[in-house]
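I opened a new structure today and kept notes as I went. The entries are in the order in which I looked things up.

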Amino acid sequence: MILTLFFLTLLTSSNALPSTLSPREICTPASFSNPSKDDTPAILSALQKCGNGGRILLPKGTTYTIRSPIDLSACQACDFQINGLLGVSTDWNFWSGQHAVFTIISGQAAVIRSDGNTGIINANSYGVTTSYKEPSKTPKLFSITNSSNIHFSGLKLKNVYGTAFEVTAKTTGMYFYDMDIGTEDSTAPPTDGFQISDAKHVYINNNTIRADGACVMLLPNASNVQVEDTTCITSGSTNLGPSGIEFQLVIGTGLSYVRNILVKNFRAIGTMNVVALWTGQETREVHTIEIANATFDNVTMEGPVKQAVYLEQCRPGWCDYKARLNVTGTSFRKFKGAALKGSEIKCLNKEDVCGFSEEGWNVKSGG
Ligand SMILES: *[C@@H]1O[C@H](CO)[C@@H](O)[C@H](O)[C@H]1NC(C)=O
Ligand SMILES: *[C@@H]1O[C@H](CO)[C@@H](O)[C@H](O)[C@H]1NC(C)=O
Ligand SMILES: *[C@@H]1O[C@H](CO)[C@@H](O)[C@H](O)[C@H]1NC(C)=O
Ligand SMILES: *[C@@H]1O[C@H](CO)[C@@H](O)[C@H](O)[C@H]1NC(C)=O
Ligand SMILES: *[C@@H]1O[C@H](CO)[C@@H](O)[C@H](O)[C@H]1NC(C)=O
Ligand SMILES: *[C@@H]1O[C@H](CO)[C@@H](O)[C@H](O)[C@H]1NC(C)=O
């Protein structure tokens, strides 16, 4: 429905042109159907030809091999349909030097979707064979920067090592619908489903996210992020994580904020901290961490989870505490289920503004 409206908008705006409406141009890139050959050049030339207002079609039943990065930025007011399978090559030596497999830089009004939920992107863990993760070397599957009005829907992402989606650098208007991230038959779940920083208006709706780090990570200056009707399934058991919605506000100096967050109808499955807030152990300069207007409404926990709400701050006297929490309008409503540990949502320092509240709390803790 959302997508239909979006295309109507596109059609309406092209109606403004005096000429008669030309049909959407369709490009179907050829595939070598050979894992040792790179289909990226064919996809890039389809983007050059049909990316401006047209459609790129990767048909059902066709397999494409991605041996080099794909810049989707040329998809402007374009419909990029993945109905077949995109397989990322298992060449860690190559991928470990790349920032991302797919990038969108200053993109506008792109739709990347599967028509009929048949599209699969298999990252094949970029060929990593050990369980050792090198976060600084692991590419993102998608990196979206300085872009607006980008829609993703109906895709399954498998064997994503590292982060599935990075959304940053002033991006505004990101829509993720009906996505299955870290699909069940994956051998490796992603570390993080979404990493959102310096971005606003990000909508994650009806997604299933499997992760062993965080399903959704909110980094400095993320605002107006809504996660609705979404299931988070975590595995792995590090001391710190995993987590459902994680606020990681330890980076930088000065002010970092997370504002206007809505998490609604959220299912959390696995031994995780459902909501985790980290303020970091040390910062050299005074750092204000602002969390304003964050609502968690109707959170169902299955597992038991580790803890419903986990807040970690540096204890006064234990470390050089220079982070100041400024939390206003942050409420946890209708949490239900079981947790191994109780939640004590209290700030530790007298300088902190600690505006957390709970309503309809129905969490059984202690096992
Ligand atoms: C961001 O994108 C806009 C177009 O939407 C462009 O004019 C601007 O130069 C881009 N900024 C950067 C830093 O890339
Ligand atoms: C949610 O997404 C799945 C695909 O992951 C789809 O089959 C289902 O129809 C969607 N549900 C709604 C209510 O849109
Ligand atoms: C966040 O926003 C504040 C205030 O606008 C700015 O000073 C800070 O540099 C931003 N941080 C990041 C990581 O974008
Ligand atoms: C609070 O956040 C929600 C969710 O993003 C938003 O819809 C609402 O407008 C925000 N309220 C204010 C007062 O900014
Ligand atoms: C609460 O969320 C669950 C899914 O997590 C959903 O099935 C249920 O209908 C929601 N309840 C309300 C009152 O919206
Ligand atoms: C705390 O955040 C609120 C809401 O954004 C803001 O109005 C207030 O000025 C901040 N207070 C401090 C002490 O930073």
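**Ground rules**

I am working with a predicted model, where local features need pLDDT of at least 70, side-chain atom pairs count only at pLDDT 80 or more, and totals for chains, interfaces and linings use all residues. Residues are numbered from 1 along each chain as its sequence is written, chains are lettered from A and ligands numbered from 1 in the order in which they are written, and side-chain values use heavy atoms, with hydrogens and water left out.

**Salt bridges**

I began with charged pairs. Side chains of opposite charge can pair when their charged atoms come close. For a salt bridge I needed a side-chain nitrogen of Lys or Arg within 4 Å of a carboxyl oxygen of Asp or Glu. How many salt bridges does this rule give? I got twelve.

I looked up arginine 210 and glutamate 184. Their side chains form a salt bridge, with N to O at 3.9 Å. The two residues are 26 apart and link distant parts of the chain. Arginine 210 is in strand 18 (residues 208-211), while glutamate 184 is in the loop between strand 15 (180-181) and strand 16 (192-196). Strands here are DSSP runs of E with at least two residues, numbered from the N terminus.

Arginine 210 counts as buried because its relative accessibility is 16%. Glutamate 184 counts as exposed because its value is 67%.

Next I checked lysine 346 and glutamate 344. This salt bridge has an N to O distance of 3.2 Å. Lysine 346 is exposed at 55%. Glutamate 344 is exposed at 58%.

Then I turned to glutamate 351 and lysine 350. Their closest N and O atoms are 3.9 Å apart, and they form a salt bridge. Glutamate 351 is partly exposed at 40%. Lysine 350 is exposed at 79%. I also noted a network: Arg55, Asp79 and Arg113 are joined by salt bridges that share partners.

**Around strand 18**

I went back to strand 18, where arginine 210 lies.

Which strands pair with strand 18? Two strands pair if DSSP finds at least two bridges between them. Strand 15 pairs with strand 18 in the parallel sense over two bridges. Isoleucine 181 has isoleucine 209 of strand 18 as its bridge partner. Strand 20 (residues 222-234) also pairs with strand 18 in the parallel sense, over four bridges. There, threonine 208 stands opposite threonine 231 of strand 20.

**Ligand 2**

I moved on to the ligands. A residue is listed around a ligand if one of its heavy atoms lies within 4 Å of it. Asn117, Asp178 and Asn206 surround ligand 2. A polar side-chain atom of asparagine 206 is 2.4 Å from an oxygen atom of the ligand. For asparagine 117, a side-chain N or O atom is 3.4 Å from a ligand oxygen. Aspartate 178 comes to 3.4 Å with a backbone N or O atom. Ligand 2 alone exposes 370 Å², and the protein buries 38% of that. These areas come from the Shrake-Rupley method with a 1.4 Å probe.

**Ligand 3**

Which residues are around ligand 3? I found Pro220, Asn221, Leu255 and Tyr257. A side-chain N or O atom of asparagine 221 is 2.3 Å from an oxygen atom of ligand 3. The protein covers 45% of the 370 Å² that ligand 3 has on its own.

**Ligand 5**

I closed with ligand 5. Asn265, Arg267, Asn298 and Thr300 are around it. Strand 22 (254-269) and strand 24 (287-312) each supply at least two residues of this shell. A polar side-chain atom of asparagine 298 lies 2.3 Å from a ligand oxygen. Of the 360 Å² of accessible area that ligand 5 has on its own, the protein covers 42%.

Conventions. Buried < 20%, exposed > 50% of the residue type's maximum accessible area, 1.4 Å probe, protein only. Polar contact = N/O pair within 3.5 Å; in protein donor to acceptor, adjacent residues only side chain to side chain.
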